[in-house]
Amino acid sequence: MSTSSGDWSLEAGVTMRVREVGPDDWVVWRLLRQRSLLEDPQAFAASVERWTGEQDREGNWRARLAAPGACFVAEHGAAPVGLVAIRPNDDDDGQQLISMWVAPSARGHGVGRALVGRVIAAAAGRPLWLRVLDGNETAIRLYERCGFVLDDSDPDAEGCRAMHRPEAVAGGDSTSSQRS
(Lines give C-alpha, C1' and ligand atoms only; values in the text may rest on other atoms or scores of the structure.)
Protein backbone atom coordinates (compact mmCIF):
# COMPACT_ATOMS: atom_id res chain seq x y z
CA MET A 1 0.00 0.00 0.00
CA SER A 2 1.37 3.40 -0.95
CA THR A 3 1.70 5.79 1.95
CA SER A 4 1.46 8.79 -0.35
CA SER A 5 -2.34 8.75 -0.06
CA GLY A 6 -5.16 6.94 1.68
CA ASP A 7 -5.85 5.85 5.22
CA TRP A 8 -4.02 3.34 7.38
CA SER A 9 -4.04 2.27 11.00
CA LEU A 10 -1.49 3.54 13.50
CA GLU A 11 -3.07 1.31 16.13
CA ALA A 12 -5.99 -1.10 16.09
CA GLY A 13 -9.26 0.66 15.46
CA VAL A 14 -7.83 4.17 14.92
CA THR A 15 -7.47 5.48 11.38
CA MET A 16 -4.52 7.58 10.27
CA ARG A 17 -4.92 9.79 7.23
CA VAL A 18 -3.16 12.59 5.41
CA ARG A 19 -5.35 15.25 3.85
CA GLU A 20 -4.84 18.49 1.99
CA VAL A 21 -5.96 21.56 3.91
CA GLY A 22 -7.00 25.02 2.81
CA PRO A 23 -7.80 28.43 4.32
CA ASP A 24 -10.84 27.11 6.22
CA ASP A 25 -8.51 24.71 8.07
CA TRP A 26 -6.40 27.53 9.48
CA VAL A 27 -7.06 26.57 13.12
CA VAL A 28 -5.61 23.05 12.76
CA TRP A 29 -2.64 24.33 10.70
CA ARG A 30 -1.98 27.04 13.31
CA LEU A 31 -2.11 24.49 16.14
CA LEU A 32 0.36 22.15 14.42
CA ARG A 33 2.74 24.86 13.18
CA GLN A 34 2.98 26.60 16.54
CA ARG A 35 3.31 23.25 18.31
CA SER A 36 6.13 22.22 15.96
CA LEU A 37 8.06 25.44 16.60
CA LEU A 38 7.53 25.27 20.37
CA GLU A 39 8.28 21.56 20.84
CA ASP A 40 11.11 21.19 18.30
CA PRO A 41 12.62 24.65 17.75
CA GLN A 42 15.98 23.04 16.96
CA ALA A 43 14.46 21.45 13.85
CA PHE A 44 13.47 24.69 12.12
CA ALA A 45 15.16 27.76 10.72
CA ALA A 46 11.88 29.67 11.34
CA SER A 47 11.27 30.90 14.85
CA VAL A 48 8.13 30.69 16.92
CA GLU A 49 8.10 34.51 17.10
CA ARG A 50 7.38 34.62 13.36
CA TRP A 51 4.05 32.84 13.95
CA THR A 52 2.98 34.22 17.33
CA GLY A 53 2.28 37.64 18.85
CA GLU A 54 1.24 40.25 16.28
CA GLN A 55 1.65 37.71 13.46
CA ASP A 56 -0.79 35.26 15.07
CA ARG A 57 -3.90 36.43 13.24
CA GLU A 58 -6.53 34.49 11.35
CA GLY A 59 -5.88 36.46 8.16
CA ASN A 60 -2.18 35.56 8.18
CA TRP A 61 -2.92 31.86 8.65
CA ARG A 62 -5.57 31.84 5.93
CA ALA A 63 -3.17 33.61 3.56
CA ARG A 64 -0.48 31.02 4.28
CA LEU A 65 -2.88 28.21 3.39
CA ALA A 66 -4.12 30.03 0.26
CA ALA A 67 -0.60 30.63 -1.10
CA PRO A 68 0.51 28.72 -4.21
CA GLY A 69 1.34 25.09 -3.51
CA ALA A 70 -0.40 22.74 -1.10
CA CYS A 71 -0.51 22.08 2.65
CA PHE A 72 -1.17 18.69 4.23
CA VAL A 73 -1.95 17.48 7.75
CA ALA A 74 -1.76 13.97 9.18
CA GLU A 75 -4.53 12.99 11.57
CA HIS A 76 -4.68 10.08 13.99
CA GLY A 77 -8.39 9.65 14.43
CA ALA A 78 -9.52 13.23 14.99
CA ALA A 79 -6.16 14.37 16.43
CA PRO A 80 -3.80 16.31 14.14
CA VAL A 81 -0.29 14.80 14.44
CA GLY A 82 1.77 16.19 11.56
CA LEU A 83 2.06 18.74 8.79
CA VAL A 84 4.00 19.53 5.64
CA ALA A 85 3.70 21.94 2.71
CA ILE A 86 4.96 22.27 -0.84
CA ARG A 87 5.65 25.63 -2.41
CA PRO A 88 6.88 26.63 -5.87
CA ASN A 89 10.41 28.00 -5.95
CA ASP A 90 10.72 31.75 -6.45
CA ASP A 91 12.78 31.18 -9.60
CA ASP A 92 10.10 28.84 -11.04
CA ASP A 93 12.54 25.91 -11.01
CA GLY A 94 10.66 23.16 -9.23
CA GLN A 95 9.05 22.88 -5.81
CA GLN A 96 10.22 23.03 -2.19
CA LEU A 97 9.06 20.82 0.70
CA ILE A 98 8.66 23.03 3.80
CA SER A 99 7.26 23.01 7.36
CA MET A 100 7.62 19.24 7.88
CA TRP A 101 6.85 18.02 11.42
CA VAL A 102 5.42 14.95 13.15
CA ALA A 103 4.28 14.94 16.79
CA PRO A 104 6.57 12.85 19.03
CA SER A 105 3.73 10.44 19.87
CA ALA A 106 3.25 9.61 16.17
CA ARG A 107 6.90 9.22 15.17
CA GLY A 108 8.11 5.85 13.96
CA HIS A 109 4.72 4.83 12.54
CA GLY A 110 5.05 5.97 8.90
CA VAL A 111 3.51 9.41 9.40
CA GLY A 112 6.59 11.28 8.17
CA ARG A 113 6.91 9.02 5.14
CA ALA A 114 3.21 9.52 4.35
CA LEU A 115 3.50 13.30 4.58
CA VAL A 116 6.60 13.36 2.35
CA GLY A 117 4.80 11.01 -0.03
CA ARG A 118 1.93 13.47 -0.43
CA VAL A 119 4.42 16.23 -1.27
CA ILE A 120 6.17 13.99 -3.79
CA ALA A 121 2.81 13.23 -5.42
CA ALA A 122 1.90 16.95 -5.47
CA ALA A 123 5.24 17.77 -7.14
CA ALA A 124 4.05 15.61 -10.06
CA GLY A 125 7.57 14.80 -11.27
CA ARG A 126 8.84 18.39 -11.12
CA PRO A 127 12.18 18.96 -9.38
CA LEU A 128 11.73 18.86 -5.60
CA TRP A 129 14.10 20.05 -2.91
CA LEU A 130 14.13 20.94 0.78
CA ARG A 131 16.29 22.46 3.49
CA VAL A 132 17.15 20.54 6.64
CA LEU A 133 19.14 21.79 9.61
CA ASP A 134 22.67 20.45 9.52
CA GLY A 135 22.97 17.63 12.05
CA ASN A 136 19.27 16.65 12.08
CA GLU A 137 20.17 13.07 11.23
CA THR A 138 16.69 11.65 11.90
CA ALA A 139 15.15 13.98 9.31
CA ILE A 140 17.99 13.41 6.85
CA ARG A 141 17.51 9.62 7.07
CA LEU A 142 13.76 9.97 6.49
CA TYR A 143 14.30 12.16 3.43
CA GLU A 144 16.96 9.79 2.08
CA ARG A 145 14.53 6.86 2.42
CA CYS A 146 12.08 8.94 0.37
CA GLY A 147 14.59 9.42 -2.45
CA PHE A 148 16.23 12.71 -1.51
CA VAL A 149 20.00 13.20 -1.72
CA LEU A 150 21.95 15.49 0.61
CA ASP A 151 23.84 18.12 -1.40
CA ASP A 152 27.58 18.47 -0.87
CA SER A 153 27.31 22.19 -0.18
CA ASP A 154 28.07 23.74 3.19
CA PRO A 155 25.19 24.82 5.46
CA ASP A 156 23.59 28.15 4.55
CA ALA A 157 23.46 31.23 6.82
CA GLU A 158 20.61 29.63 8.85
CA GLY A 159 22.54 26.37 9.34
CA CYS A 160 20.53 24.41 6.77
CA ARG A 161 21.69 21.96 4.13
CA ALA A 162 19.88 21.35 0.87
CA MET A 163 18.48 18.00 -0.25
CA HIS A 164 16.95 17.22 -3.63
CA ARG A 165 15.27 14.34 -5.44
CA PRO A 166 17.30 13.37 -8.49
CA GLU A 167 15.52 13.53 -11.86
CA ALA A 168 15.52 9.71 -12.14
CA VAL A 169 13.62 9.40 -8.84
CA ALA A 170 11.35 12.41 -9.29
CA GLY A 171 8.94 10.56 -11.57
CA GLY A 172 8.57 7.55 -9.26
CA ASP A 173 7.33 7.06 -5.73
CA SER A 174 10.05 5.60 -3.56
CA THR A 175 7.88 6.12 -0.46
CA SER A 176 5.64 3.13 -1.02
CA SER A 177 8.02 0.26 -0.24
CA GLN A 178 8.30 0.64 3.51
CA ARG A 179 7.24 2.90 6.34
CA SER A 180 9.54 4.58 8.82
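Predicted model: local features only at pLDDT ≥ 70, side-chain atom pairs only at ≥ 80, totals over all residues.
Local features need pLDDT of at least 70 and side-chain atom pairs count only at pLDDT 80 or more, while totals for chains, interfaces and linings use all residues. Residues are numbered from 1 along each chain as its sequence is written, and side-chain values use heavy atoms, with hydrogens and water left out.

The chain holds five helices and eight strands. Helices (H or I, at least four residues) and strands (E, at least two) are DSSP runs, numbered from the N terminus. Along the sequence, these elements follow the order β-β-α-α-β-β-β-α-β-α-β-β-α. The chain has 180 residues, and 45% of them count as buried. Buried means under 20% relative accessible area, exposed means over 50%, and partly exposed lies in between (1.4 Å probe, protein chains only). Contact means heavy atoms within 4.5 Å. Of the contacts between residues at least 6 apart in sequence, 60% join residues at least 24 apart.

Two packed helices are described by the angle between their axes and the distance between the axes. Helix α1 spans residues 26–39, and helix α2 spans residues 58–66. Their axes come within 9 Å and cross at roughly 95°. Therefore α1 is roughly perpendicular to α2. Axes are lines fitted to C-alpha atoms, for helices over the stretch in contact, and angles run from 0 to 180 degrees between N-to-C directions. Angles under 35 degrees count as roughly parallel, over 145 as roughly antiparallel, 65 to 115 as roughly perpendicular and the rest as oblique. From α1, the contact is made by Trp26, Trp29, Arg30, Arg33 and Gln34. From α2, Glu58, Trp61, Arg62, Arg64 and Leu65 take part. By class, the contact of α1 with α2 has four nonpolar, one polar and five charged residues. Ala, Val, Leu, Ile, Met, Phe, Trp, Tyr, Cys and Pro count as nonpolar; Asp, Glu, Lys and Arg count as charged; the others, Gly among them, count as polar.

Gly59 also belongs to α2. Gly59 is partly exposed, with a relative accessible area of 47%. Its C-alpha atom is separated by 9.1 Å from that of Pro23, 36 residues apart along the chain.

The largest pocket contains about 930 Å³ of space. On a 1 Å grid over the protein atoms alone, a pocket is an open set of points where a 1.4 Å probe fits, with protein on both sides within 12 Å along at least five of seven lines; lining residues have an atom within 4 Å of a point. Grid points are joined across faces, edges and corners, and a volume is the space filled by probe spheres set on the points. The lining of the largest pocket comprises 35 residues. Ala43, Phe44, Met100, Trp101 and Tyr143 lie nearest the pocket centre. Strand β5 (95–102), strand β6 (128–133) and helix α4 (137–145) each give two or more residues to the lining. The largest share, seven residues, comes from β5. The lining divides into 18 nonpolar, eight polar and nine charged residues.

Strand β5 includes Gln96. Gln96 is buried, at 17% relative accessible area. Beyond its neighbours within four places in sequence, Gln96 is in contact with Ala85, Ile86, Arg87, Asn89, Leu128, Trp129, Leu130 and Arg131.

Ser99 also lies in β5. Ser99 has a positive phi of about 60° although it is not a glycine. Its relative accessible area is 9%, so Ser99 is buried. Ala124, likewise not a glycine, has a positive phi of about 50°. Ala124 lies in the loop between α3 (111–123) and β6. Ala124 is exposed, with a relative accessible area of 57%.
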